[in-house]
Amino acid sequence: MTAPNRPASLTWLPHFIALALVWGSSFLFIKVAVAEVPPAYVALFRVALGALTLLAIIAFTSHRLPRGWGLWGHLAIVAFIGNVIPFALFAYGEQEVSSGIAGIWNATTPLTMMPVMLLFFRSEKLTRPKVIGLFTGFAGVLVVLGVWQGIGAGTLAGHLLCFGAATSYAFAGPYMRQHLTGRDISGVSLATGQIVMATVELAVLAPLMAGSPPPVSSLSWQVLAALVALGAFGTGIAFVLNYHVIRIVGISTMATVTYLMPIVAVTMGFLVLGERLAWYQPLGALIVLSGVAISQDIPSRLLARFRARPEQALAQ
């Protein structure tokens, strides 16, 4: 049974799970692709295929492209900080670290978002749970790195590149909330405009960063399949799933996909690529996710709900 005002799980939960699987698997596809394609072009092919997918969706639905130079200007900024920078940094980073580690670093985004919102957007207030969550998450990062023995796996540069990608996402979220949300335009239209702008930006930057692209005929079928999956699903269809879940249950529930993505990334890396993790890396990931939960005051809210309605809390 569902509560009277609670959306039925079947209207959003399958999309939520699919999104976690698609985004969590993206780190595997990146790892496969960078074996033969320069990272800048992995990012470019990703957004280009994603843009084509979203444009096809718009062509066969009632959605329209965004209108107005001001809106396209904001979309260009969001595309740069929310797609161009993180997609390129994760691709460069995965030349130095495993796909599972990259997925773990992605989970730090909610923690990096908090100081960003405090310092740059001034849209958050510092509370005790947020401070505890930040310190807990920072401790988890140190455990993931294995700082007591130097850098346990991968290179410091690779770890920093992945952390920089997560931090870039942290800037994109508040900027979108401040300049794009609340507009009378569908999420699919905004997503299409954003990915189209990211494609234009990377079409200019990729040749400057990596020279000429590799001939498609020189790429193995595994790399081609990884690029298609990364672009069409991880960047195209994923946005449609994302906005579907937000529309039904809100952004707070949608944000919890962060908890599942590292699990998917680590599992896929182990099963497909045979990646191995040191004992402290999954432990550090759990500490990071605990910090995220504490910073969002999830334990206190669950406890309060359980005390108020223990039967309902158990049913959930």
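Helices (H or I, at least four residues) and strands (E, at least two) are taken here as DSSP runs, numbered from the N terminus. The model is a predicted one, in which local features need pLDDT of at least 70 and side-chain atom pairs count only at pLDDT 80 or more, while totals for chains, interfaces and linings use all residues. Residues are numbered from 1 along each chain as its sequence is written, and side-chain values use heavy atoms, with hydrogens and water left out.

On this basis the chain holds 14 helices and zero strands, and its elements, read from the N terminus, run α-α-α-α-α-α-α-α-α-α-α-α-α-α. Of the 316 residues, 45% count as buried, where buried means under 20% relative accessible area, exposed means over 50%, and partly exposed lies in between (1.4 Å probe, protein chains only). The chain exposes about 15500 Å², of which carbon and sulfur atoms supply 69%; accessible areas come from the Shrake-Rupley method with a 1.4 Å probe, and for residues only the protein chains shown count as cover. Among the contacts in the chain with a separation of 6 or more, 88% are made by residues 24 or more positions apart, a contact being defined by heavy atoms within 4.5 Å.

Several residues illustrate such pairings along the chain. M261 is placed in helix α11 (residues 257–273) and is buried, with a relative accessible area of 7%. Its C-alpha atom lies 5.5 Å from that of A20, although M261 and A20 are 241 residues apart in sequence. Apart from residues up to four places away in sequence, M261 touches A20, W23, G24, F27 and N106. In helix α1 (residues 13–33) lies I30, which counts as buried because its relative accessibility is 2%.

T53, at 18% relative accessibility, counts as buried, whereas I57 is partly exposed, with a relative accessible area of 23%. With residues up to four places away in sequence not counted, T53 touches A232, G236 and I237, and I57 touches V188 and V240. For the pair I57 and V240, which are 183 residues apart along the chain, the C-alpha atoms are separated by 9.2 Å.

T192 belongs to helix α8 (residues 187–210) and, at 0% relative accessibility, counts as buried. The residues that T192 touches, not counting those up to four places away in sequence, are L54, L55, I58 and L65. S168, placed in helix α7, is likewise counted as buried, at 7% relative accessibility, and touches I81, I85 and P86, again not counting residues up to four places away in sequence. The C-alpha atoms of S168 and L89 are 9.4 Å apart, and the two residues are 79 residues apart along the chain.

Empty space was examined next. Rolling a probe the size of a water molecule over the atoms shows where empty space is left. On a 1 Å grid over the protein atoms alone, a pocket is an open set of points where a 1.4 Å probe fits, with protein on both sides within 12 Å along at least five of seven lines, and lining residues have an atom within 4 Å of a point. About 260 Å³ of space lies in the second largest pocket, the volume being the space filled by probe spheres set on the points, with grid points joined across faces, edges and corners. The lining of the second largest pocket comprises 13 residues, of which W105, T112, F138, V141 and F163 lie nearest its centre. Two or more lining residues are given by each of α5 (109–121), α6 (128–145) and α7 (156–179). By type, the lining divides into nine nonpolar, four polar and no charged residues, with Ala, Val, Leu, Ile, Met, Phe, Trp, Tyr, Cys and Pro counted as nonpolar, Asp, Glu, Lys and Arg as charged, and the others, Gly among them, as polar.

Helix α6 gives the most to this lining, with five residues. The 18 residues of α6 should span 26 Å at 1.5 Å a residue, and the end C-alpha atoms are 26 Å apart, which agrees; the expected span is 1.5 Å times one less than the number of residues. Within α6 the buried residues are K130, G133, G137, G140, V141, V143, V144 and L145. After α6 comes G146, whose phi is positive, near 65 degrees.
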